[in-house]
Structures are given as structure tokens and as C-alpha cells.
Amino acid sequence: MTTNEHTEALKVTDTRTGRIYDIGIVDGAVHATDLRQIKTGNEDFGLLSYDPAFLNTASCRSAITYIDGDRGILRYRGYPIEELAEQCSFLEVAYLLLHGELADKAELEEWTDTIRNHTFIHESIKKFIDGFHPDAHPMGILVSTLAALSTFYPDAKEIFDDDRRKSHIVRLIAKIPTLAAFAHRHAFGLPYAYPDDDLSYPGNFLNMMWKATELKYRPDPALERALDVLLILHADHEQNCSANVMRAVGSAHSDPYSSASAAAAALYGPLHGGANEAVLKMLAGIGTVENVPDHLARVKRGEIRLMGFGHRVYKNFDPRAKIIKRVASEVFEVTGRNPLLDVALELEKRALEDPYFVEHKLYPNVDFYSGIIYQAMGFPVEMFPVLFAIGRMPGWLAQWEEGILDPDQKISRPRQLYVGPEERHLGLAASSRSR
Ligand code: CMC
């Protein structure tokens with residue numbers, strides 16, 4: 001019998017050998033490397049755990065975001081998302097995620113000013129954007145230009161220099177709205193609208209998106225605040241697919257621009273941040289309330305997925321979806337009601353009453369209503385994942401920084417279960433190739 005000094009342990013019998021092991025339990029988890037002591041003999045590498053999508057594997061210890069999926073709880077640094085969305089600005093939340101504490105008045109002013117001072121991008125970046133086809137997806141442009149930024153800041157490689165690292169964190173938060181808005185204006189053949197540092201973070205983004213011939217763009221305060229809240233709701237979500245990518249690329253000590261570009265590429269996928277775009281396309285495809293039952297029948301036959309429904313972690317409700325419904329009504333008071341809202345409401349109502357969705361614990365997620373709001377605000381569907389990326393940037397950076405500074409972290413390098421052919425030789429294959 002093998003014993004380790006642990007106050008809590010898992011007693012495991014290996015039925016192959018009859019040996020019994022005590023595997024220590026710390027913070028409700030066993031260390032996967034402790035399984036390696038479980039061997040059938042000296043030649044055996046040791047037991048591996050198999051978890052292809054990290055369904056039950058903690059990849060890090062993190063103090064940033066807490067989620068309880070069964071109870072629909074989401075907290076950033078301990079603060080409930082509902083309170084943050086009600087009382088804070090997005091930049092305050094970004095500060096909280098990155099610093100661990102809320103900023104006091106002076107710290108917030110300094111943080112906001114520093115972000116404002118870095119909103120411009122190098123003029124050469126515009127030349128890259130000009131090179132894209134007019135119908136290029138803005139998310140593709142964003143992924144590319146985020147990576148391109150690393151070439152303008154070679155010192156971003158100095159990731160363990162605190163001052164340099166912090167300066168590039170600021171730059172990424174400050175510049176992503178500029179890259180995003182420029183990508184949009186390129187698609188529409190519009191001249192780029194430069195940042196206006198008098199405006200708030202969301203106000204300036206709206207300015208760069210929509211400014212026309214007016215000397216000074218003045219955002220509608222209700223829409224400016226709605227966008228701020230939407231960015232807060234997207235700011236972090238612990239070890240989601242793109243944060244995991246950010247940490248994995250960061251674990252190779254790549255610079256933050258390259259890491260963020262990879263994270264944005266992950267977010268682009270329709271199962272992740274691309275879902276809000278997919279929801280809108282789905283709702284437009286359904287068209288009218290009468291077509292909802294047919295659509296749900298196709299979902300239940302397994303032909304398609306109900307986009308904007310379901311979540312790996314939330315199995316009861318997504319707290320962000322609740323807040324978004326409130327924001328939607330505030331936005332529609334300014335913009336008028338989005339006609340697709342009726343289709344969405346009918347879809348939600350019928351799905352929540354249907355045993356298939358109840359049994360599969362499928363509820364609306366953050367993406368179900370966000371797209372309807374963005375569309376009412378005038379954003380083209382292709383911009384929806386880009387908006388998600390702007391909101392998620394502070395979360396990616398907080399996760400990246402926590403990862404690279406964590407002494408437990410090494411280069412991210414999973415194991416595999418090899419299921420390919422045994423060793424074989426070219427002899428016969430080589431002669432048949434030459435024939
Ligand atoms: N529509 C229909 N069935 C679904 C859906 C859906 N949206 N989501 C899950 N299921 C079913 C799935 O078919 C499976 O059924 P069964 O057990 O009978 O085979 C079961 O529910 C479990 O599905 P899963 O794919 O194993 O669940 P997951 O935790 O791996 O996937 C998810 C989570 C978000 C990828 C998935 O629910 C999904 O594809 N949803 C639609 C896309 C979407 O809205 N994504 C946005 C997620 S929230 C924002 C973000 O994190 O980016």
C-alpha cells in the first residue's frame with residue numbers, strides 16, 4: 001500500500017494489480033500527476049486521466065472569476081455581476097479584474113486617463129486594414145491586426161518586466177475598440193473616424209463607429225450606458241475556450257498581442273463568441289412566430305442546435321441573460337423594438353416549456369439576447385463577435401497575467417492516448433510507391 005501525508009485523500013484500488021493508493025485531495029481536487037504513481041510495472045508510464053474537453057479538469061488556480069453554474073452565480077473578484085452591471089463602468093470593472101480590487105477615485109481617474117491616452121493606433125495599421133477585401137469579416141481583421149500590433153511593440157516580449165507588461169495591457173484595452181471600429185468602416189467604405197478622448201470608453205467606440213460629418217459626435221446616453229453594461233457582462237468568464245487559449249499561448253511566453261489574437265480567433269467560433277451572430281441569423285431565418293414550432297422540432301430531431309441556448313457551466317440559468325433582457329428594453333425605448341424580439345421571446349417561451357430542453361438543462365445564454373440589442377443599435381451582425389471581444393479583453397489579460405506569474409504554471413502541453421498504428425516499416429510500402 002502506498003500512503004501520502006494528506007488530511008483528505010481518495011483511497012483507490014487498482015484492480016489490475018490489487019494495490020491500494022491514497023491520492024491526496026486539496027481544494028476538492030486530486031492532482032492528475034499523483035495518478036502517475038499507479039503503475040502495472042516498472043515499464044508502465046503511469047495512469048493518465050482522459051478529459052478531451054476539460055469537462056472535469058481544473059487547468060489552474062484562479063482568483064479572478066467565480067461561477068456556480070447550478071445556482072446561476074457569476075462574480076468578478078468576489079463582486080456579483082448584478083451589482084457590477086448596476087453600479088460600475090466597464091473601465092472600473094477592467095481595473096477590478098486586473099488589479100483584484102476596485103479603484104478608488106484617484107486610481108480610477110488615472111486608469112481612465114491612461115487608457116484614453118492610448119486609443120490611437122499606428123497609421124501603418126490602417127494600411128493593413130485597407131488591404132482586406134471590403135467583405136472581409138471584421139473578426140478576421142481584428143484577429144490579424146491584434147497580432148500585427150506585436151510588431152509595433154517589440155518590447156512586449158518582455159513579459160516579466162512589470163512596467164512594460166502593464167503598459168501593453170493598457171494598450172490592448174485602449175486600442176481594441178479602435179481596431180474594431182476601423183474594421184467596420186473599412187467594410188462600408190467609410191473614412192476612419194479617429195478616437196475622441198473627451199468621450200467615455202463606450203461613447204468613443206460609438207463615435208468611431210458612427211461619426212459622419214458632425215464636428216462632434218454625441219452618443220445617446222442610454223445607448224452609451226447599455227453598451228457599457230454589455231461590455232461588463234462579457235468582461236470575464238473564467239476558463240472559457242478563449243481564456244484557455246490566451247493562457248495556453250501565454251504559457252509559451254508569447255507576447256500579449258499574439259496571445260490576444262489567438263484568444264480572439266477562438267472567440268470567433270460559432271460555439272463561443274460567434275454564437276450571437278449565429279443567433280441573429282437563426283432568428284432571421286425563422287422569420288415569424290408561426291415558424292418557431294417547426295424550428296424547435298428540427299432542433300429536437302438533432303438536425304440543428306438552438307443557438308444562444310445551453311452552456312457548459314450554467315445548467316439552470318445564465319445570470320448575464322437576465323440582465324441583458326433588462327438592457328434590451330432600455331435600448332428599445334430609444335431605438336424602437338427589434339421585430340426579431342417576438343421570435344426570440346416565443347422561442348424562449350416554448351423551449352422553456354418543452355421537456356427536451358428542460359431535461360437537457362438548456363436555457364438562454366448571454367448570446368441569445370445580446371445580438372438583438374446590437375442589431376437594434378445599428379451594428380451589423382458581423383460586428384457582434386467583435387463587440388464580445390472588446391468586452392472580453394480585460395478578462396483575457398487578467399487570465400494571461402495570472403497564468404504567467406503563477407509559479408505552478410508551466411508550458412501548456414497535454415498528454416495524449418495514442419491510438420494509431422504500432423511501429424511498422426517502410427519496406428513494402430516503399431516498393432509499392434515506386435511502382
Ligand atoms: N441546442 C440543442 N441541443 C443542445 C444544445 C443546443 N444549443 N446545446 C446542447 N445540446 C444538447 C446536446 O445535443 C447534447 O444532447 P445529448 O446528450 O442528447 O447528446 C447535450 O445537450 C449536451 O451537449 P454538449 O454539446 O455536450 O454540451 P457542451 O457543454 O459541450 O456545450 C455549448 C455547450 C454552449 C457549446 C452548447 O450548449 C451549444 O452548442 N450551444 C449553442 C451555441 C451557443 O449558444 N454558444 C454560446 C455559449 S455562451 C457564450 C460563450 O461562452 O461564448
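This is a predicted model: local features need pLDDT of at least 70, side-chain atom pairs count only at pLDDT 80 or more; totals for chains, interfaces and linings use all residues.
Numbering starts from 1 along each chain as its sequence is written, and side-chain values use heavy atoms, with hydrogens and water left out.

**Ligand site**
- A backbone N or O atom of G308 sits 2.9 Å from a ligand oxygen atom.
- For F309, a backbone N or O atom lies 2.9 Å from a nitrogen atom of the ligand.
- A polar backbone atom of L271 is 3.2 Å from a ligand nitrogen atom.
- On its own the ligand has 930 Å² of accessible area (Shrake-Rupley, 1.4 Å probe), and the protein covers 72% of that.

**Helix pair α4 and α5**
- Helix α4 spans residues 123-131 and helix α5 residues 138-152 (DSSP runs of H or I, at least four residues).
- Their axes, fitted to C-alpha atoms over the stretch in contact, come within 10 Å and cross at roughly 145° (scale 0 to 180 degrees, between N-to-C directions).
- In α4, S124, I125, F128 and I129 meet I141, T145, A148, L149 and F152 of α5 (heavy atoms within 4.5 Å).
- These contact residues divide into seven nonpolar, two polar and no charged.

Conventions. Helices (H or I, at least four residues) and strands (E, at least two) are DSSP runs, numbered from the N terminus. Ala, Val, Leu, Ile, Met, Phe, Trp, Tyr, Cys and Pro count as nonpolar, Asp, Glu, Lys and Arg as charged, and the others, Gly among them, as polar. A polar contact is a pair of N or O atoms within 3.5 Å; within protein, one must be able to donate a hydrogen and the other to accept it, and residues adjacent in sequence count only if both atoms are side-chain atoms.
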